[in-house]
Amino acid sequence: MKHVLVTGGAGYIGSHACKALAAAGYVPVCFDNFSTGWKEAVKFGPVEEGDLADRARLDEVFAKYQPIAVMHFAALSLVGESMKDPAKYWRANVNCALNLIEAAVDADCRNFVFSSTCATYGDQDGVVLDENTEQRPINAYGGSKRAIEDMLRDFGASHGMNSVIFRYFNVAGADPDAEVGEQHIPETHLIPLMLDAIAGKRPALTVFGSDYATRDGTCIRDYVHVSDLVDAHVLGLKWLEDGKPSRVFCLGSGNGFSVREVIDASRAVTNRDVPIVEGDRRPGDAASLVSGSKRATEELGWQPKRSDLSTMISDAWRWHQAKEYEY
């Protein structure tokens with residue numbers, strides 16, 4: 001049995017990754033402190049509660065399961081918060097990642113799949129961001145993720161740690177079977193906020209900034225369906241199992257959608273209007289961020305099948321209507 005340690009396995013992307021790993025014949029071991037994850041989302045393998053800051057606990061879990069790889073999702077990820085409290089992000093993201101990588105090396109677990117972000121590129125408008133684009137993050141979230149990428153490179157040179165790093169932006173949608181889905185406290189992602197407003201769970205959706213230099217004044221982002229995203233992570237794991245070298249892959253559709261375009265698409269899917277209010281820009285938000293995935297398609301054979309707006313919103317809407325985690 002091939003065990004894979006999935007940090008943050010009770011979170012949004014991590015829980016979907018656990019389902020994809022189980023479907024591919026692996027045993028996902030969810031490692032989570034449940035600060036933001038949901039116990040109801042752990043359905044596809046064993047769970048070990050613990051904190052990445054606790055090295056002794058990590059050592060116990062590595063010894064118990066002897067995983068063939070780590071899939072690392074656990075992190076703080078709120079851009080605005082990272083602008084206000086950068087120390088929190090450097091401690092939680094970088095220090096804990098160092099703890100995890102050292103524990104993996106000491107357990108002779110040298111395959112590492114890392115959930116990074118195209119926020120490492122900063123605000124570079126008008127270009128499709130790829131693996132060769134210069135990284136120049138503009139907030140502590142992006143900076144902390146870039147630091148972990150550098151850490152993996154250094155541990156690769158000194159300890160033979162093999163890694164696949166995925167950089168991506170806005171993950172959307174939900175498991176098509178509605179077994180797991182997206183729910184955060186607080187919720188900050190556009191599509192679930194929009195669906196909450198449609199369902200009357202919040203008064204309105206706030207559009208943060210309508211004066212950007214974009215086609216309709218609102219921010220443009222590249223959206224990837226969560227099921228497509230985790231499929232790429234499984235392919236990345238197999239890449240490492242095949243003995244291939246460490247590699248960075250960007251994951252995106254290459255198409256950016258504005259906030260207003262997402263709102264318009266939701267009307268078509270739900271047949272309901274979205275109550276909105278206009279708000280100020282948020283610190284650290286770039287105007288337009290679009291990520292290509294040519295390398296992932298050519299080298300991993302990745303084919304995003306559900307990453308169109310209609311499907312992403314439909315799957316998310318099904319999840320929001322059918323099941324939610326209890327607070």
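User: The axes of H6 and H10 come within 10 Å and cross at roughly 55 degrees. What makes H6 and H10 oblique to each other?

Analyst: First, a caveat: this is a predicted model, where local features need pLDDT of at least 70, side-chain atom pairs count only at pLDDT 80 or more, and totals for chains, interfaces and linings use all residues. Residues are numbered from 1 along each chain as its sequence is written, and side-chain values use heavy atoms, leaving out hydrogens and water. Now the angle. Under 35 degrees counts as roughly parallel, over 145 as roughly antiparallel, 65 to 115 as roughly perpendicular, and the rest as oblique. The crossing is at roughly 55 degrees, so H6 and H10 are oblique. Axes here are lines fitted to C-alpha atoms, for helices over the stretch in contact, with angles from 0 to 180 degrees between N-to-C directions.

User: Which residues make the contact of H6 with H10?

Analyst: From H6, Ile191, Pro192, Met194, Leu195, Asp196 and Ile198; from H10, Ile313, Ala316, Trp317 and His320. Contact means heavy atoms within 4.5 Å. By class they divide into eight nonpolar, one polar and one charged (Ala, Val, Leu, Ile, Met, Phe, Trp, Tyr, Cys and Pro are nonpolar; Asp, Glu, Lys and Arg charged; the others, Gly among them, polar).

User: Why is His320 called buried?

Analyst: Buried means under 20% relative accessible area, exposed over 50%, and partly exposed in between, using a 1.4 Å probe and protein chains only. His320 has 10% relative accessibility, so it counts as buried. His320 sits in helix H10 (residues 309-322). Not counting residues up to four places away in sequence, His320 touches Glu182, Pro192, Leu195, Asp196 and Lys201.

User: What makes H4 and H5 roughly parallel?

Analyst: Helix H4 (residues 86-106) packs against helix H5 (residues 140-159) at an angle of about 20 degrees, with the axes 9 Å apart. That angle falls in the roughly parallel class, so H4 and H5 get that label. Among the residues making the contact are Tyr89, Trp90 and Leu98 of H4 and Ala147, Met151 and Phe155 of H5.

User: Why do Gln66 and Asn271 count as exposed?

Analyst: Gln66 is at 63% relative accessibility, so it counts as exposed. Asn271, at 69%, therefore counts as exposed too. Gln66 lies in the loop between helix H2 (55-65) and strand S4 (69-72), and Asn271 in the loop between helix H8 (259-270) and strand S14 (276-279). Neither is a glycine, yet phi is positive, about 45 degrees for Gln66 and about 60 degrees for Asn271. Most residues other than glycine have a negative phi.

User: Where is the cis peptide bond, from Ile185 to which residue?

Analyst: To Pro186, with omega near -5 degrees. Pro186 is found in the loop between strand S8 (170-172) and helix H6 (190-198).

User: How do you know that the chain agrees with a compact globule?

Analyst: The radius of gyration is taken over C-alpha atoms, and the globule rule is 2.2 Å times the number of residues to the power 0.38. For 327 residues a compact globule would be near 20 Å; the chain has 19 Å, so the two agree. The C-alpha trace spans about 55 × 40 × 40 Å along its principal axes, and 54% of the residues count as buried.

Terms used
Helix = DSSP H or I, 4+ residues; strand = E, 2+ residues; numbered from the N terminus.
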